[in-house]
Amino acid sequence: MASPAPEDLVVTRADLDDWPVVRDWAVAEGWNPGVADSAAFFAQDPEGFFIGRIDGEPVSSISVVNYGSDYAFLGWYLVRPDVRGRGYGLTTWKTALAHAENRTVGLDGVVAQQDNYRRSGFEPAHRTFRFTGTAPAVEAPADVRAVRPADLAEIKAYDGTCTPADRPRFLEHWLTGPGHHAVVRRDGDRVTGYGVIRPGHDCPRIGPLFADTADDARAVLAALTAEVAGREVAIDVPETNAVAVALAEEAGFTPSFETARMYTGPVRPYAQEKVFGVTTLELG
């Protein structure tokens, strides 16, 4: 009996009700997805999520989430293991990528797929390492506190200096999602750093961790890990920020795997030296 061909694949937009099966695939791949990530992801661009089906059964997925008019981010590129090698992934990829139109597209690609991404026009910008380790039992600094609703506008503005695109809709959900704990550090009226820790399938994940200086980042990290002292945590650190790598090592964390940030074109300049922890490998 012949296997279904790519032309038998039906790729449609997905909604929140479709996504739990994709999250289960990510768990099986060892991605440690956040428990409550999906609502924030869909809030940014509810049209940017796709599922491929054969005879109504999900077999592939991808997201191409648009940020403004110039930038999009690709993630969740998965094919069910028992049906790989049949062209379903590439068909899903081509269908979904059209959603980005003329935007520059970014992604965080695992090592095994980076050559394939190059053939699709993505060029590497830097590597990112997932650091994991036991959260130290430290006291939360007095000058770092939980994010309040009144902080939202300033955090959105600060976040925009640390990313290739503004993402206000995403942040409104990310900062307040179930189980998400967001903290901020200030110098008077000025934000000097903020971060979020959230529950993951395997262990809590930190992201973002954005800060002006190593001292700011260290204080924010301490406040976040104080929430889960003694438990394993994970944070994705860009190698371009040597101070961030040193800070993760100082905390006793070690790299467990790497990805490459890749782009199809130019992105707006942002303060890479402030990025001590990437928000999420799925949406940038």
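Which residues line the second largest cavity? Leu 209, Leu 221, Ile 235, Val 237, Ala 244, Leu 247, Ala 248, Phe 253 and Phe 276 do.

A quick note on the model: this is a predicted one, where local features need pLDDT of at least 70, side-chain atom pairs count only at pLDDT 80 or more, and totals for chains, interfaces and linings use all residues. Residues are numbered from 1 along each chain as its sequence is written, and side-chain values use heavy atoms, with hydrogens and water left out.

A cavity here is a set of points, on a 1 Å grid over the protein atoms alone, where a 1.4 Å probe fits but cannot get out; lining residues have an atom within 4 Å of a point. Volume is the space filled by probe spheres set on the points, with grid points joined across faces, edges and corners. The count comes to two cavities of 30 Å³ or more.

| Cavity | Volume | Lining by class |
|---|---|---|
| Largest | About 200 Å³ | eleven nonpolar, six polar, two charged |

Back at the second largest cavity, strand S11 (232-238) and helix H8 (242-250) each give at least two lining residues. H8 brings the largest share, three residues. Helices (H or I, at least four residues) and strands (E, at least two) are DSSP runs, numbered from the N terminus.

Terms used
1 Å grid on protein atoms, 1.4 Å probe; cavity = no way out; pocket = protein on both sides within 12 Å on 5 of 7 lines; lining within 4 Å. Nonpolar A, V, L, I, M, F, W, Y, C, P; charged D, E, K, R; others polar.
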